[in-house]
Amino acid sequence: MTYAQSGASTSNGRRSRQRLRSWHGRRYAPRMRRVVQNLLDWAAHRRSPVDFFEKRYATTEDPWNLQTSSYELTKLQRTVQTVSRHRRGNRVLDVGCGEGVLTELLAKLGMSVVAVDLSETAVARARRRCAPYPQVILLTRDGSLLELPERFDLIVLSEILYYFDSPTRAQLSQRLIDLLVNGGHVVAVNPWPRSRRVERELSSHPDLFVVEENVHAEPGRPYAITTYRRAPRNGS
Ligand SMILES: C[S@@+](CC[C@H](N)C(=O)[O-])C[C@H]1O[C@@H](n2cnc3c(N)ncnc32)[C@H](O)[C@@H]1O
């Protein structure tokens with residue numbers, strides 16, 4: 001082999017390493033960015049949940065792209081289909097309703113909705129969105145400390161449980177079960193397989209059992225929509 005040939009093969013090697021690195025970069029950079037963003041969000045949320053969400057809503061409308069992302073729109077449609085399948089009555093509680101995108105879809109089904117969120121800004125936007133539906137009540141409340149005078153046929157927990165630690169989820173689960181009629185349902189939407197962990201307090205509660213779990217294997221961002229039923233007390 002001549003020196004010239006050896007140089008060519010070295011630079012070929014460098015080029016293919018660079019190509020490989022950029023292929024890896026293109027493939028993994030979005031995922032890495034998401035991991036880093038999730039860590040930053042986690043730290044900010046830990047400092048003050050109210051400030052964290054207020055800032056998200058103050059700096060942008062539709063911070064989770066619910067109205068523009070086909071991934072999110074499909075997830076919302078599947079959630080509404082699940083609610084329709086398990087609907088036994090009209091009263092639904094939407095915890096962590098954000099700007100009321102799902103709330104409005106539930107109202108369009110003709111359901112009476114009580115929707116709560118920690119962020120005043122989000123609730124104000126949800127009120128505007130749901131103004132045509134007089135059967136919707138929107139409240140700025142901490143979902144983990146909920147006390148409401150009525151009971152519900154169905155409770156939706158869409159993309160919210162992972163914001164709570166395990167003791168708070170246990171407390172929330174008990175409160176929600178107390179707000180649910182016998183035979184009522186909880187529909188939870190969470191990233192898969194994390195859903196199994198963040199729904200442990202629901203799935204292990206003696207008054208609830210899983211009636212349906214649908215895992216949607218969207219590339220890179222799979223999620224589960226799980227339905228629980230409150231077992232009638234005293235077997236009635
Ligand atoms: C990722 S968004 C999900 C919005 C909507 N449920 C959905 O499925 O797209 C989470 C929402 O939960 C709300 N949230 C977080 N912690 C809360 C709490 N402790 N009580 C009430 N709402 C809360 C946030 O303000 C935010 O609007």
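Predicted model: local features only at pLDDT ≥ 70, side-chain atom pairs only at ≥ 80, totals over all residues.
**Notebook: aromatic contacts**

I then checked Phe53. Phe53 is buried, with a relative accessible area of 11%, which is under the 20% cut-off for that class.

Next I counted ring pairs. The structure holds six aromatic pairs. One of them is Phe53 with Trp64: the ring centres are 6.2 Å apart and the planes stand at 45 degrees, so I logged the pair as tilted. An angle between 30 and 60 degrees falls in that class.

I asked myself which parts of the chain the pair of Phe53 and Trp64 ties together. Phe53 belongs to helix 2 (residues 49-59), while Trp64 sits in the loop between helix 2 and helix 3 (70-86), so the parts joined are eleven residues apart in sequence.

I went on to Tyr162 and Tyr163. For Tyr163 I noted a relative accessible area of 22%, which makes the residue partly exposed.

I traced the links between rings. Phe52, Phe53, Tyr57, Trp64, Tyr162 and Tyr163 are joined by ring pairs into a cluster.

Last, I looked for charges over rings. Arg221 lies over the face of Tyr71, at 4.0 Å from the ring centre. Lys75 is placed over the face of Tyr223, with 5.6 Å to the ring centre.

Note on methods
Residues numbered from 1 in each chain as written. Heavy atoms only, no water. Phe/Tyr/Trp six-rings, centres within 6.5 Å; stacked < 30°, edge-to-face > 60°. Helix = DSSP H or I, 4+ residues; strand = E, 2+ residues; numbered from the N terminus. Buried < 20%, exposed > 50% of the residue type's maximum accessible area, 1.4 Å probe, protein only. Lys NZ or Arg CZ within 6 Å of the ring centre and 35° of its normal.
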